[in-house]
Amino acid sequence: YHFKPAKHDWVRLGQTAVELKSNKSQKIPYDIHVPAKAAPGGQYFTIFATTSFANNQGISSRVQAATVLYVTVNGKLRKSSIVRRASIPWISFGKDTPFTLDVKNNGNTHFFVYTSGTLSGIGPKKTSDDITRMLLPNTTRTIGDTIPAPLLPGLYKATYGYRTDTNQTIQRSSYLLYIPLWSIAALLGLSWLGWRVWLWRRTHKT
C-alpha cells in the first residue's frame, strides 16, 4: 500500500516535535476531524515519527516509526469482494498443500476475511485453521493458507476460500493428487521385493 499526503486536515497532532531521552517514552495526543462532506467509507492515515542523526563517521541517517490509523465514516457502507485469481497445485508430495487467492475489495470500506481450506476423499477430512486478513477498498491483495496433508495417498477434492466478517463465503474447488514420499519409497520397495521373488521362483522352477 502506498500512502500519499492527505488532501484534508483529518488528523491533527497535539505536538509536532518532541525530545526523547534514552529509554524514555512520551504520549502524543491527536484529534480526528472529519470534513462535513466526507463520503461514507474507509479512510486510512499513517502517523510518522521521524528523527535524523549522524554516526561517528559523520554519515547521516534517518529513522522512522509509523502507525496506521483506520477511520470509518458512517453511512452507506459496501463490503464486497471478488476473486481475481485462485491457485492450488494439482499434485502434492509434502506435509501441507498451499493455496493462494488474489482478492479485490470493490467496496468502500475495509473488512476482515478468514481463509480456510479442506480436503475430502479417502480417510478423515483435513481442515486448515482460519487465518485473518484485512482488505482495504479498491485494492487487490494476495491471501493464502495451507491445508494439512491427509494420512493416505490418493485423489482428493480441495475446497478453499474465505469468509468475510459479514458471513459471506466465497470458495473455489479443484482435485488434488496426494503422493507422499513414503508411498513412493514403499512402492519402490514392493517392486524390488516382487522382482526378487520372481527371480527366485524362476530359478527354482528351472
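Guide: Let us begin with burial: a residue is buried under 20% relative accessible area, exposed over 50% and partly exposed in between, with a 1.4 Å probe and protein chains only. Both F99 and Y160 are buried. The model is predicted, so local features need pLDDT of at least 70 and side-chain atom pairs pLDDT 80 or more, while totals for chains, interfaces and linings use all residues. Residues are numbered from 1 along each chain as its sequence is written, and side-chain values use heavy atoms, without hydrogens and water.

Visitor: How many aromatic pairs does a search of the whole structure find?

Guide: Rings of Phe, Tyr and Trp (its six-membered ring) pair if their centres lie within 6.5 Å; planes under 30 degrees apart are stacked, over 60 edge-to-face, and the rest tilted. The search finds three aromatic pairs. One of them joins W10 and F45, with ring centres 5.5 Å apart and planes at 40°, so this pair is tilted. W10 lies in the segment before β1 (11–13) and F45 in strand β3 (residues 41–54), 35 residues apart; strands are DSSP runs of E, at least two residues, numbered from the N terminus. Both W10 and F45 are buried.

Visitor: Why is the pair of F99 and Y160 classed as it is?

Guide: Its ring centres are 5.1 Å apart and its planes are at 40°, so the pair is tilted. It links strand β7 (residues 96–105), which holds F99, to strand β12 (residues 154–164), which holds Y160, 61 residues apart.

Visitor: Which residues have the most contacts inside the largest nonpolar core?

Guide: Such a core is a set of buried Ala, Val, Leu, Ile, Met, Phe, Trp, Tyr and Cys residues joined through side-chain atoms within 4.5 Å. L101 and Y162 have the most contacts inside the largest one, which has 19 residues. Its largest share, four residues, comes from β12.

Visitor: How many bridges join β3 to strand β4?

Guide: Two strands pair if DSSP finds at least two bridges between them. Here 14 bridges join β3 to β4 (residues 60–73), and the two run antiparallel. T46 has V68 in β4 as its bridge partner. The hairpin of β3 and β4 has five residues between the strands, and G58 takes a positive phi near 80° there.
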